[in-house]
Amino acid sequence: MSESTEKKMVRLRSSDGEVFEVEESVAKVAKTLQDMLEEDCADAVIPITCVRAPILTKVIDYCKDQVMISSSSSTTNNPNERTEQERKAWGQKFMEGVDSSTLCELLVASNFLNIEGLLNLGVDKMVSMIQGKYPQEIRDMFNVVNDFTPEEEEEIRNQNAWAFERDPYYKKRSSSK
Amino acid sequence: MEIELMDPSSAKQDVPNWFLPLRDEEKMRGPTEICDLNNDVMTEILLRLPLRPLITSKCVSKHWYGLLSGVSIKPQLAHTTGVFSYDDGDEWGYLRHVPEADDEYAQDVHSAVDTALSFLPTFPDVLVVAGSHGLLLATAGTQKRGGSFFVCNPLTKKYREVPRPRTARGHRMRMHSVGLDFNPKTSPFFKIIFYRHSHDRLFRKRTANRPLELELEIYSSEVGKWVNSEATEWASASCTYTHMVSLNGVIYRVDRKQQQEEEEEEEQQAKQKIVEVDELRVPVATATSSYGSIGQAAGSIYYAYGDKEKSTVWVLREEKGKASWWELKHHVTMSKFTGLAERDLGAGDWKNIVYQPMVFLSSHELAFLEDSGGGVIYDCDKARFKRMEIVRQHGITSARFKAFPFTPCLYDPSLASAVPAAAGASTSG
């Protein structure tokens, strides 16, 4: 950002009442906020009713980073520009240590604020958490109630018995038979 | 057993109104849970899972089961894993799913798919005649002429029986006389298209001097019956060859015309939506003794053309409001091609390669070619050949085989007409 333009600030209020002041460019990473700001219907504090302060902090961190990457991308030899690998590593680091409930909140927030990149990171993180777990482990992790009867669950398992085998490369039948 | 499904639309997915002031009950609410995610996000997560955890997630809860069972949405696995190859030696079908990559996903699909289609009632008498996305069109082979068609999903092991059209009874089905049109991304229904043209044995009115006539019978799972189209005069009498494929409700057809006096052949392609006919020129004018073929795989139409000098593949690109155009995906000269084949397949083992792919997967730049040893896969991107492993069963020794594109999906064809059209349109944010 060049020094000559005055940075316009935007204020966001989280669901628990904390107010964050960010540059307009940072807020605009969120498509939902961008639309609002362009329609000029947000000069007071913007309430973000479904996002708590710790989550909003994380979201703002993400947006700031996006601004940092994109603002200097017009110049040649951008020191902030990332290769595909670096972007991946950065995303992993950003999501490191995020627990399941924080992750759900992040997903709700990024979906609501329409931040595609963050949503993608969250979805990937979620995928990595679900992978390799038994259904019961998934239920425990995300507090999902099992509303199947034991018979119903058995039926689904039987229909796809191969998928419930421990050995990932279990072959269901020999081709010689 | 019927599993009562939770209607995902009734699940909480209301986006809080942006302009509403902060409500106390929202402050009081417990921690955000996975069930607070709306169905779009949830579906996105589930469909990014590899196949095995995706299947096991079905039994987490009824809501998850509903998201994955194809009742309210049409889950489409994001990857194309390869082709089904089909060996028709002794007019007996055998199917094998060919994973194109040795990754875990392909292995999972491989162990999930019933390659022999043993769930069909006529098994082991099964002849595969067409394939589109995750569905295959099969029918009983030689023993039961006039038997039903089966539209089946070898992944979910579900099928739907469709009686043959009256005019097709008593005849052996051939590839290219019947097509399957299914694309879960654009429609929750499938169509079976049965082509008969006057140069076909099936067309009773065959006479040498008549123009080529074509009759179509179309079965749509939306309507649940066959609809016959009037015989149409499609092309002039000089048209000697026609080849059709359908995708997204459009039939693409390649005609080959022969003008005796000039010894030149001309191809043109027409796409028709039953009534309207658009002409679209194919990318190459063909030389004598060779012709191009048209096909579909993974949602694209491709045109392949090979002659003594080169092998080329184009993919049809279409955008709204723009004229369609052909994108050249692959071009290789014969001398280079044979050199590569010799290097990768060993001398002499590739002699009868047919340079026109049976299936071209544009998403992976893979061409599946037929040769005397069964089949070879040509990786257009890496310029590498690989022999397709074909397991021979039931004493089949014939080398001839056909391949069908296969993009695994969780669609259940037996539900097809029960799926309301509106439910198929999942909203995307």
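Strand E3 (residues 127-132) of chain B pairs with strand E4 (residues 135-139) of chain B in the antiparallel sense, over five bridges. Strands here are DSSP runs of E with at least two residues, helices are runs of H or I with at least four, and both are numbered from the N terminus; two strands pair if DSSP finds at least two bridges between them. This is a predicted model, in which local features need pLDDT of at least 70 and side-chain atom pairs count only at pLDDT 80 or more, while totals for chains, interfaces and linings use all residues. Residues are numbered from 1 along each chain as its sequence is written, and chains are lettered from A and ligands numbered from 1 in the order in which they are written.

B:Ser132 has B:Leu135 of E4(B) as its bridge partner. Two residues lie between the strands of this hairpin, and B:His133 takes a positive phi near 50 degrees. E3(B) is mostly covered, with six of its six residues buried. A residue counts as buried if 20 or more other C-beta atoms, placed from the backbone, lie within 10 Å of its own, as exposed if there are 12 or fewer, and as partly exposed in between.

## The largest nonpolar core

The largest nonpolar core has 125 residues, of which B:Leu137, B:Ala138 and B:Val151 touch the most other members. Such a core is a set of buried Ala, Val, Leu, Ile, Met, Phe, Trp, Tyr and Cys residues joined through C-beta atoms within 7 Å. Helix H5 (residues 100-113) of chain A gives the most to this core, with eight residues.

Beyond four places in sequence, the contacts of B:Val151 (C-beta atoms, placed from the backbone, within 7 Å) include B:Leu135, B:Leu137, B:Phe190 and B:Pro413.

## B:Ile192

B:Ile192 is found in strand E8 (residues 190-197) of chain B. B:Ile192 is buried because 25 other C-beta atoms lie within 10 Å. Leaving out residues up to four places away in sequence, B:Ile192 touches B:Leu137, B:Phe149, B:Val162, B:Val178, B:Leu180 and B:Tyr219. Its C-alpha atom is separated by 6.5 Å from that of B:Ser220, 28 residues apart along the chain.

## The four-stranded sheet

In chain B, four strands form an open antiparallel sheet in the order E16-E17-E18-E19. Strands E16 (293-297) and E19 (325-333) of chain B are the edges, each pairing on one side only. E16(B) pairs with strand E17 (residues 300-306) of chain B over five bridges, and B:Gln296 has B:Ile301 as its bridge partner in E17(B).

Conventions. Contact = placed C-beta atoms within 7 Å.
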